[in-house]
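Please find my notes on this entry below. They are in numbered points, to be read beside the structure.

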Amino acid sequence: RTTVRNCARTLENLAKAIQNDPLDGERFRPPDGRVCPVSSDVVRAIRIISPFVSAYKSVAKRRALPWDPSIGEEASGIDDFIKYLVKTLLESLRGKAGNYMLDNDPTAVAKAPLFVMNNTFYLLQQLGSNKQSSMKGFDNEEEELVTFNSPWFKEKVGNVFQAQKESYLAHWETLNKHLTSVDKSDLNYQKDKLLSLESGRLLKARFSGFTEDLERIYTLHKGLNVIDLKLREMLQNDVRRVFFPRYKRFFEKYSRIQFSKKNQDQYLKYPPDRVDAMIGDMYEMF
């Protein structure tokens, strides 16, 4: 009985430690949105307890637990405990992300979803892949290779990741509002092949609007952190897909037209190659 009670208490304390992990402070909520310590702690805890399927079942059959009040043969297995830990962690991550929004920081609206993305992608890579992890037991002997590939895990964590990625990419969508075509009938030329004043203003407004929003968004997002190289490359490509092909077509079509007599170069200061390189430099602040 003492062993069962102590084991149950240890499991309950583990769940409480995740639930009570503070939502604020750089130690618990990284200022650049990277993976927070509680996520790595949960990964390690799951890897440690996963091999002890029979031992967990023995405890659950004899003692009601907060996440599983059933006892005896009705008691659930270790998979339900792991599910509870992951659910508790996701709630903690959402709370931490919400606290970013309380900061007097213009990057908060981008940092909050990126923080959840960093952490959920980390969980998927560490626990949801088909990789196997060799672990040693408490007696220092080699345990069987541990795998954790439950469908609910990939679905639950994957859905959170995808939702936050869509939220993050929406910030870049605003660039497309400047990339609308100009009707040919609105492009009127003067004798020197320069656009008329009114026609020139149409293109000036589009190029200057794009430039202003690009500089603003890029400045806000440049300092955000994605350490995982696979996620960083994925996110850079996702950002490109939001607006870059459209911008490239827009630039190639309208940069050939002389729409400003004195400041053409200023309006065309961001050719596609430069924009592409800027995206490629993002998320590397660490």
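Is Asn119 buried or exposed?

1. Asn119 is buried, because its relative accessibility is 0%. The residue belongs to helix 5 (residues 108–127). A polar atom of the Asn119 side chain lies 2.8 Å from the backbone oxygen of Phe115. Beyond four places in sequence, Asn119 is in contact with Arg34, Val35, Cys36, Ser39 and Leu93.

2. Keep in mind that this is a predicted model. The average pLDDT is 86, and 91% of the residues score at least 70. Among the elements, helix 10 (residues 272–280) has the highest mean pLDDT, 97. Helix 1 (residues 2–19) has the lowest, 86. Treat residues 132–147 separately: pLDDT stays under 50 there. For that stretch the model has 27 contacts beyond four places in sequence.

3. The structure holds 16 aromatic pairs. Trp172 and Phe243 are stacked, 6.1 Å centre to centre with 5° between the planes. Trp172 is in helix 6 (residues 151–173) and Phe243 in helix 8 (residues 229–254), so the pair ties together parts 71 residues apart in sequence. Trp172 counts as buried, at 0% relative accessibility. Phe243 counts as buried too, at 0%.

4. Phe207 and Phe251 form an edge-to-face pair, because their planes stand at 80°, with ring centres 6.1 Å apart. This pair links Phe207 in helix 7 (residues 197–222) to Phe251 in helix 8, 44 residues apart. Both Phe207 and Phe251 are buried.

5. Trp172, Phe243, Phe207 and Phe251 are among the members of one aromatic cluster, which also includes Phe210, Tyr247 and Tyr267.

Notes. Residues are numbered from 1 along each chain as its sequence is written. Side-chain values use heavy atoms; hydrogens and water are left out. Helices (H or I, at least four residues) and strands (E, at least two) are DSSP runs, numbered from the N terminus. Buried means under 20% relative accessible area, exposed over 50%, partly exposed in between (1.4 Å probe, protein chains only). A polar contact is a pair of N or O atoms within 3.5 Å; within protein, one must be able to donate a hydrogen and the other to accept it, and residues adjacent in sequence count only if both atoms are side-chain atoms. Contact means heavy atoms within 4.5 Å. pLDDT is the predictor's confidence in each residue, from 0 to 100. Rings of Phe, Tyr and Trp (its six-membered ring) pair if their centres lie within 6.5 Å; planes under 30 degrees apart count as stacked, over 60 as edge-to-face and the rest as tilted.
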